[in-house]
Amino acid sequence: MELPMSGTGRDKSGWLSWHAVIVFGFLYLPIVTLIVYSFNGSGVGGFPPRNLTLDWYRMLFADDAIWTSVLNSVLVAFAAMGISLAFGIPAALALDRANFPGKTLFRRLVLLPLILPGIITGLSLLMLFREADVKLSLLTIVLGHGTALISVATTEVFAGLQKLDRAQEEASLDLGANYWQTFWRVTIPNLRLSIIGAALLIFTLSMDEIAVSFFLIGRDNTLPLEIWGRLRRGITPEINAISSIIFIFSLIAIVIWYRLRMSADGKTEIAAELVEAPAQGD
Amino acid sequence: MFSRAYRAAITVPPLLWVAIFLLVPYALLFCYSFWSVSATQTIVHSWSLDNYRELIHVHVYLQTLFRSMWIAARVTVFSLLLGYPLAYYLSFHAGNRKDLFYQLVIIPLWVSYLVRAYAWKTILGSDGVLNTLLQYVHLTKHPLEFLLYSPFAVVLTLTHIYTPFAFLPIYASLEHIPRNLVEASHDLGASPFQTFWRVIFPLSIPGVLAGATFAFVLSLGDFLAPLLLGGPSGIMISNIVVSLFGAAYNWPLGAAISLCMLLLVLGLLFLSESLEKKWSFR
C-alpha cells in the first residue's frame with residue numbers, strides 16, 4: 001500500500017534509499033569479491049584482479065578431499081533432515097493439539113538451539129557422547145544437526161498448522177478413516193509446503209553448519225570443516241571456487257522454494273517467522 | 001477430537017528425543033562445571049566450586065567476557081543502524097520492489113557464514129583487496145594494518161553476518177502495522193517525523209528487541225570470526241572455551257564458562273521477552 005507522501009516524505013525516502021544502497025553494498029561486497037577472485041590468477045588478494053583464469057576451478061575438480069567432504073556434508077544433511085522432520089513434525093502437532101505437563105519447557109527446549117550460540121549445543125552434546133562412550137564420527141554430527149534443527153522443522157510446521165482447517169481432519173475421522181489414515185492422507189498433504197520449506201532450510205543450514213560440527217567431528221570432514229582446516233593452513237582461490245559453486249546451487253534452491261511458497265500463498269514472511277518464533281511468548 | 005493414543009503418539013517420541021539429546025546434555029554441562037581434571041588428565045567426578053572461584057580470581061576470563069559483550073554490543077548497535085532504516089525503507093517506500101529487495105536481504109544468509117568471514121579476510125588483509133585498492137588509487141602508501149587481526153575486523157564481519165538477522169524481525173513488525181494508523185496520523189496533521197516517532201517506532205519495538213537479541217546473543221558466542229580475523233586483541237570468550245576443550249584440556253573449567261554464557265543468554269532472552277510483551281499492542 002502506497003502512502004500519500006508530502007515533500008518532506010520524499011526527502012526522507014531520498015536518504016533512505018541511499019542508505020539502502022549502502023547496506024546492500026555492504027552485504028554483497030564480500031560475496032562479489034569471493035566470486036570475482038575465484039577467477040583471479042594471482043591469488044585471493046590484490047587490486048585490480050588480474051590474469052583471469054579457470055585454473056582454480058580445474059584444481060578444485062581434481063581435489064578429491066574437497067569432494068569427499070562435499071559428499072559427507074550431503075549425507076549428513078539428508079540424515080539430519082530425516083531426524084529433524086521425524087521428530088519436528090510430531091513436536092509441532094503436539095504443541096498444537098496436545099496438553100501435557102512440561103509443555104512450555106518442552107517448547108522452549110526444542111527452540112533453544114535456534115537462538116543459542118552453536119558452541120553451547122556442540123559442547124553439551126560432546127559431553128553426552130563422551131559419557132555414553134560414543135566414538136565421534138559423521139554419525140555424531142548427524143545426531144547434533146538433527147537435534148539442533150528440530151527447532152526449524154517445528155517452527156515451520158507449527159506455522160503451517162496455524163493455517164490448517166481442522167474441519168478437514170474432523171470430516172476424515174467422521175467418515176471412518178482412522179488416525180493413521182487421516183494423518184497421512186489429510187494432515188501431511190495439507191502441510192506439505194511447510195514440510196518442503198523446512199526440509200530445504202534444514203538441508204542448507206546443515207550443509208553450512210560449523211559450530212556444532214566443530215566439536216563432534218571424528219575422522220571424516222564435512223565441507224565447512226574441510227574449508228576451515230584449509231583456512232588455517234593458508235588461503236587459496238580454490239576456496240572461492242567451491243564457495244561460488246555452492247552459492248549458485250543455494251540460489252537455485254531459494255528460487256525453487258520461493259516459487260513453491262508464492263504459488264501457495266502469494267506472500268512470504270517465512271524467514272521472519274523463523275526469526276521471530278523463539279522470542280515469542282506463550 | 002484427538003484420542004489419547006493419537007496425542008501420545010505425537011508427544012512421546014519428540015519428548016524422549018529432546019530429553020536425551022538436549023535436556024541431558026545441558027544437565028551434563030551443569031554437572032561438568034563442578035567437576036575437575038586430575039594431574040593424569042582424567043575427569044574427576046567430585047563436586048566443588050573451584051572452577052567458579054578460578055573464573056572470578058583469574059582476570060583474563062572476566063576481561064574476555066566483558067570484551068566479548070562489548071564487541072557483541074557494538075555489533076548489535078551497528079546491525080540495528082543498518083537494519084532498521086532498511087526495513088523502514090522497504091516497508092514504507094519501496095513500493096512494488098519490496099519483495100525483490102526482501103529477497104536481496106535474505107540471499108547473503110545462504111552463503112556460508114564461514115565463507116563470508118573468509119571473504120572479509122581477503123578484503124581486509126595487508127595485501128588484501130581493500131589495501132591494494134587504496135594504494136592503487138594512491139590514497140595510502142602503506143597497507144593499513146589495523147584493518148585485519150583486530151576487534152574492528154571482528155565487529156565488521158559480525159555486523160555483516162547479523163544485519164539480516166536484525167532486519168528480519170524489524171521488517172516483520174513494520175509490515176504488521178495497520179496502514180490506517182499511519183494515514184490517521186498524517187490526516188490529523190502530524191509531520192512525517194512525528195508520525196514515525198509517535199506511531200511507527202513504538203509499534204516496531206518488539207521487532208527491534210527480537211533483532212537486537214539475535215544479533216547480541218549470536219555474536220557473543222561466536223568463535224570462528226575472532227579466530228580468523230581477530231588476532232590476539234580480538235579473542236572472545238568462546239575462543240577460551242574452545243582451547244579449554246582442546247589443547248588446554250580442562251573441560252570442567254570450559255563447562256563453567258559455557259554455563260555462565262548459557263545463563264547470560266537465557267537471562268537476556270527472558271528480559272527481551274518480557275520487554276516485548278510490555279511493548280506489544282496486539
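Author: In this predicted model, 8 residues of domain 1 of chain A are in contact with 7 residues of domain 2 of chain A, two residues being in contact if their C-beta atoms, placed from the backbone, lie within 7 Å. By class, the domain 1 side of this meeting has 5 nonpolar, 3 polar and no charged residues. Here Ala, Val, Leu, Ile, Met, Phe, Trp, Tyr, Cys and Pro count as nonpolar, Asp, Glu, Lys and Arg as charged, and the others, Gly among them, as polar. The assignment for chain A places domain 1 at 10-53 and domain 2 at 63-279; such bounds come from an automatic or database domain assignment. Taken over C-alpha atoms, the centres of domain 1 and domain 2 of chain A are separated by 31 Å.

Some conventions apply throughout. Residues are numbered from 1 along each chain as its sequence is written, while chains are lettered from A and ligands numbered from 1 in the order in which they are written. As the model is predicted, local features need pLDDT of at least 70 and side-chain atom pairs count only at pLDDT 80 or more, whereas totals for chains, interfaces and linings use all residues.

Confidence bears on how chain A is read. The pLDDT, which is the predictor's confidence in each residue from 0 to 100, averages 84 over chain A, with 89% of the residues scoring at least 70. Where pLDDT is low, the predicted coordinates should not be read in detail. For chain B the mean pLDDT is 90, and 99% of its residues reach 70 or more. The model as a whole scores ipTM 0.89 and pTM 0.88.

Between the chains, 87 residues of chain B are in contact with 78 residues of chain A. Helix α1 (residues 4-32) of chain B gives the most to the chain B side, with 18 residues. That side divides into 61 nonpolar, 18 polar and 8 charged residues. Helices (H or I, at least four residues) and strands (E, at least two) are DSSP runs, numbered from the N terminus.

One helix pair spans the two chains. The axes of helix α3 (residues 64-97) of chain A and α1(B) come within 8 Å and cross at roughly 120°. This makes α3(A) oblique to α1(B). Axes are lines fitted to C-alpha atoms, for helices over the stretch in contact, and angles run from 0 to 180 degrees between N-to-C directions. Angles under 35 degrees count as roughly parallel, over 145 as roughly antiparallel, 65 to 115 as roughly perpendicular and the rest as oblique. The crossing of α3(A) and α1(B) is left-handed; a crossing is left-handed if the near helix is turned anticlockwise from the far one by less than a right angle, and right-handed if clockwise. In this pair, A:Phe87, A:Pro90, A:Ala91, A:Leu93 and A:Ala94 of α3(A) meet B:Ile10, B:Thr11, B:Pro13, B:Pro14 and B:Trp17 of α1(B). The contact has 9 nonpolar, 1 polar and no charged residues.

Within chain B, the axes of α3(B) and helix α7 (residues 151-175) come within 6 Å and cross at roughly 40°. These two helices are therefore oblique to each other, and their crossing is right-handed. Their contact has 20 nonpolar, 5 polar and 2 charged residues.
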